[in-house]
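Below is a short note for a colleague who has not looked at this structure before. Each point takes up one part of the model.

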Amino acid sequence: MDSFNAIVLSIFLPFIAALLVPLVEKVIKQRVGWFSAAIAFISFILIGQVTHNVVEGHTIEQSITWLPSAGIEFGIYVDGLSMMIGFIASGIGVIIMSYSNGYMSHKEDLPRYYQYLLLFMGSMIGMIFSSNIVQLFIFWELTSITSFMLIGYWRSKPASIYGATKSLLLTAGGGLFMLAGFILLHSITGTFDIPTILHNPEIVQDLKAHPLFLATLILIVIGAASKSAQGPFYIWLPNAMEAPTPVSAFLHSATMVKAGIYLIARVHPIFSGTDAWFLLVGGIGIFTMLLAGFLAFRQTDIKAILAYSTISQLAYMMTMYGYTSYHEPGIGVAAATFHLLNHATFKACLFLVAGIVAHEAATRDIRKLGGLRKEMPITFIIASIAALAMAGVPPLNGFLSKEMFYETSLEMGHVLGGPFEFLIPAAAVMAGVFTFAYSIKLIDGIFLGKRHDDHLPEHIHEAPYTMLVPAAFLALLVIFIGISPSQAVHYIIEPTTAGILLEEVHLHVALWHGFTTSLMMTIATFLIGIAVYTKYDNIAAWQNRTNERYPWFSVNYVYDRIVNGAKYRAGSFAARAQPGPVKTYISAMLLLFVVLGAIPAFIVTATLIPDSMNFNVPAYEILILGMMIIAAVASAVLRKYLHAIIALSSVGYLVSLVFIYLKAPDLALTQILVETLTTIIFLLVIVKVPQTFREKISNTTLAKDLIIASAVSLIVLVLMLNATQGIVSPLESLSYYFVENSLPLAGGHNIVNVIIVDFRGYDTLGEISVLCLAALGAYNLISSRGDNQ
Amino acid sequence: MNSALLSITIALLFGIGTFLILRKDLIKIVIGLSILSHAVNMLIVSTGLFENGKVPIITGEHAEHSSGIVFTDDLANSVLAPVVPESAEMIYVDPLVQALVLTAIVISLATTAFILILAYRIYEEYGTTDISKLRRLWG
């Protein structure tokens with residue numbers, strides 16, 4: 001299979017499989033999770049098809065026409081970067097869906113769960129292989145929506161609803177900013193195609209010189225930051241932990257939150273090397289990594305600690321992608337890319353461990369857990385490997401990318417010079433210290449120390465193999481990449497970095513690389529980290545006190561105020577705009593009609609009495625129309641229904657006389673028939689209801705209604721008299737066609753009839769359908785009567 | 001061109017219909033809707049009318065013409081428009097608006113019948129035809 005088809009299939013296979021899940025579930029019941037895992041595995045293999053091409057330095061660009069009029073194509077762009085994230089999305093997908101078989105209770109709504117997961121995976125794969133910005137945006141928003149559905153998987157829990165809403169508002173809201181940024185990008189560069197922009201240095205040059213460059217960059221960075229929970233948008237991620245734990249491992253640590261990082265890496269060649277890029281991306285990164293790392297101390301739920309650590313780790317990548325200078329736009333790219341891969345392995349593993357612990361010990365509260373090392377030895381070992389990797393302890397993979405991060409910070413500090421030569425590495429070390437502290441806290445709090453017997457079940461078992469094996473697999477990967485990084489570097493990191501920097505890249509990563517400054521920084525990190533860890537509880541307590549004292553000093557507080565305020569305002573507005581009685585709405589619509597009619601009438605200076613007006617009214621017309629007015633007034637004022645209806649049917653019969661005078665004999669005939677039927681139905685109905693209804697109309701109501709009625713009447717008169725006087729410009733009428741072709745094409749002498757049954761036959765079909773529906777509706781109304789009586 | 005009296009009559013019917021649909025009595029509202037649809041129908045048909053226009057039924061023999069079929073009414077040289085340029089010589093009143101209204105008349109029969117039966121059922125269920133009492137039907 002050629003590469004293009006393989007990638008397209010890997011995108012759409014999960015979507016198709018999602019449709020099949022309910023059917024498959026009917027056959028193989030709760031083993032449907034294995035079906036989903038198999039689909040993810042096929043996608044993984046399909047993406048694997050392109051590896052050799054990409055490692056040799058080729059990229060794959062191919063597209064098929066989608067919306068040619070808008071210049072939008074369905075295109076695939078495969079380079080190292082998209083390949084790596086593709087592997088992460090499908091590979092972690094296999095692990096998560098296998099693990100879910102053990103995690104999800106069989107009583108849960110499994111088809112829905114696996115459908116969402118598959119839809120998410122398809123959207124994620126589709127997003128990263130998109131060569132077209134519009135296509136990328138569509139898949140991007142699909143990941144937000146599937147994430148929303150997965151967070152809200154337990155639909156009846158208020159916390160799930162809150163978390164799902166928050167994530168949707170922030171990520172999809174940020175996506176709208178990004179869309180605006182994409183539109184600007186298109187208007188500057190003139191293309192939606194990403195490879196075209198990447199491979200044309202002139203376009204990038206022009207873009208960087210364009211006055212709207214900064215606006216475009218800011219809008220796109222807002223989109224990326226909201227998706228990756230960076231800067232002030234971080235608040236949705238901790239609440240997203242209401243999702244089932246495998247979902248948190250998959251979406252909210254390994255893949256979806258990496259979408260923003262992916263986007264930053266993807267547009268890196270376009271925007272990097274400018275001050276704005278460094279300040280925005282690097283600035284948000286540094287701010288977030290320190291803040292989130294620090295705030296993790298306060299958390300007591302192990303998933304919440306992991307959430308804050310994810311935010312902080314994503315900020316590492318953001319920071320490194322932001323570290324650019326004019327001379328060397330890609331200082332941190334290799335480090336960020338390597339960390340992206342490593343983080344996907346150890347963080348997903350930690351989430352799986354959190355799921356195992358919650359599953360077996362029935363709590364995720366770190367204050368209640370403790371001393372589980374004897375009861376869950378395997379989980380303990382897996383968790384320790386993953387947590388130590390996160391802490392940056394050799395020989396695990398986290399150590400390698402942390403070293404690269406420190407080197408990058410040193411380099412960047414050196415480029416900037418001045419106080420930054422010290423400040424930027426110091427910020428990196430501080431982030432490392434926080435990471436170290438909460439990583440140790442996870443191991444210590446769950447597995448070491450004293451067992452809190454009063455909070456924990458009496459017997460805690462090791463988890464089933466369906467849950468242990470996926471976690472163990474990730475832990476092995478952590479060790480493997482750490483001890484022998486050259487394969488991962490050669491096959492994944494080098495092509496990815498080359499894809500971002502658009503040039504050949506050769507990296508040398510080894511566990512031991514001499515007594516460098518970065519090794520000193522690592523040792524300093526461990527020493528300060530241990531010191532901070534001894535004060536861990538004190539810091540957490542201080543954070544809690546501060547939070548109680550200044551509740552407004554938090555982004556969550558602002559978010560809640562805005563959302564609740566919006567709900568309240570919308571509610572009070574709706575209560576005012578929609579008070580209930582239908583009459584209010586009708587009056588509003590009629591007044592709008594009057595205003596809309598009055599605007600053209602008075603702007604175009606309509607004359608109330610046009611010159612060509614015909615005052616020469618024959619006597620028979622005076623008679624007919626005079627009677628009609630009298631009858632209409634009578635039907636309005638007569639109290640007894642019978643009298644009013646007789647007056648109404650006289651209006652109807654007089655209308656048929658008017659039709660004759662208007663030279664419409666068919667209408668006259670139809671009107672007579674219809675009027676007769678209407679009168680009969682009216683009479684049938686009013687014999688069943690009381691013969692009269694005396695509505696007490698207060699004077700104000702009467703005055704109001706009369707004003708509305710006369711305004712409508714007046715505006716109709718003005719519009720009608722001026723309709724032929726230039727307010728409405730004469731249009732080329734269709735009527736010529738019907739008149740000319742009635743006889744030759746349809747062979748009918750009566751033009752109106754020919755139009756009805758021949759030229760506009762479908763309209764008549766629609767009319768007959770309306771009659772049928774009305775008859776069916778009436779029949780059902782009548783037959784529904786028996787129920788209550 | 002319509003006569004002034006016809007225009008005034010149609011406008012009056014609009015006013016009366018509007019006043020009636022603002023009432024609380026369901027039967028009166030239905031009457032109001034009927035009057036409004038009469039008014040609209042007459043308005044539309046009257047826009048296709050012009051002086052000396054004939055009923056849109058082709059009469060007389062037709063003869064072959066070099067450019068194709070033409071009629072003894074000499075259609076080939078005439079133009080026909082709902083919005084009438086005064087200079088043109090017209091043969092028929094506009095058939096299209098009549099066809100539209102023909103459909104509209106039948107549909108208004110369907111809707112009137114349906115609303116009437118709905119009114120009857122509402123009376124059976126709630127014991128009143130006063131819509132302000134039907135709180136469950138509020139927006």
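**Notes on the model**

1. Helices H29(A) and H1(B) make a right-handed crossing; a crossing is right-handed if the near helix is turned clockwise from the far one by less than a right angle, and left-handed if anticlockwise. Angles under 35 degrees count as roughly parallel, over 145 as roughly antiparallel, 65 to 115 as roughly perpendicular and the rest as oblique. Axes are lines fitted to C-alpha atoms, for helices over the stretch in contact, and angles run from 0 to 180 degrees between N-to-C directions.

2. The residues of H29(A) that meet H1(B) include Leu702(A), Asp705(A), Val712(A) and Leu721(A). Among their counterparts in H1(B) are Ser7(B), Phe14(B), Gly15(B) and Phe19(B). Contact means heavy atoms within 4.5 Å. The residues of this contact of H29(A) with H1(B) divide into 15 nonpolar, four polar and one charged. Here Ala, Val, Leu, Ile, Met, Phe, Trp, Tyr, Cys and Pro count as nonpolar, Asp, Glu, Lys and Arg as charged, and the others, Gly among them, as polar.

3. On provenance, this is a predicted model, in which local features need pLDDT of at least 70 and side-chain atom pairs count only at pLDDT 80 or more, while totals for chains, interfaces and linings use all residues. Residues are numbered from 1 along each chain as its sequence is written, chains are lettered from A and ligands numbered from 1 in the order in which they are written, and side-chain values use heavy atoms, with hydrogens and water left out.

4. Chain B has three helices and two strands, in the order α-α-β-β-α from the N terminus on. Helices (H or I, at least four residues) and strands (E, at least two) are DSSP runs, numbered from the N terminus. Of the 139 residues in chain B, 59% are buried; buried means under 20% relative accessible area, exposed over 50%, and partly exposed in between (1.4 Å probe, protein chains only). Among contacts in chain B with a separation of 6 or more, 56% involve residues 24 or more positions apart.

5. Within chain A, helix H2 (residues 32-48) packs with helix H4 (residues 80-103) at an angle of about 160 degrees, with the axes 8 Å apart. That makes H2(A) roughly antiparallel to H4(A). The crossing of these two helices is left-handed. Gly33(A), Trp34(A) and Phe44(A) are among the H2(A) residues in the contact, and Met83(A), Gly86(A) and Asn101(A) are among those of H4(A). This contact divides into ten nonpolar, ten polar and no charged residues.

6. Strands S1 (residues 60-67) and S2 of chain A pair in the antiparallel sense over seven bridges; two strands pair if DSSP finds at least two bridges between them. Leu67(A) has Ile72(A) as its bridge partner in S2(A). Four residues lie between the strands of this hairpin, where Gly71(A) takes a positive phi near 70 degrees. Six of the seven residues of S2(A), residues 72-78, are buried, so the strand is largely enclosed by the rest of the structure.

7. Thr435(A) lies in helix H19 (residues 420-447) of chain A. At 0% relative accessibility, Thr435(A) counts as buried. Not counting residues up to four places away in sequence, Thr435(A) touches Gln313(A), Tyr316(A), Met390(A) and Ala391(A).
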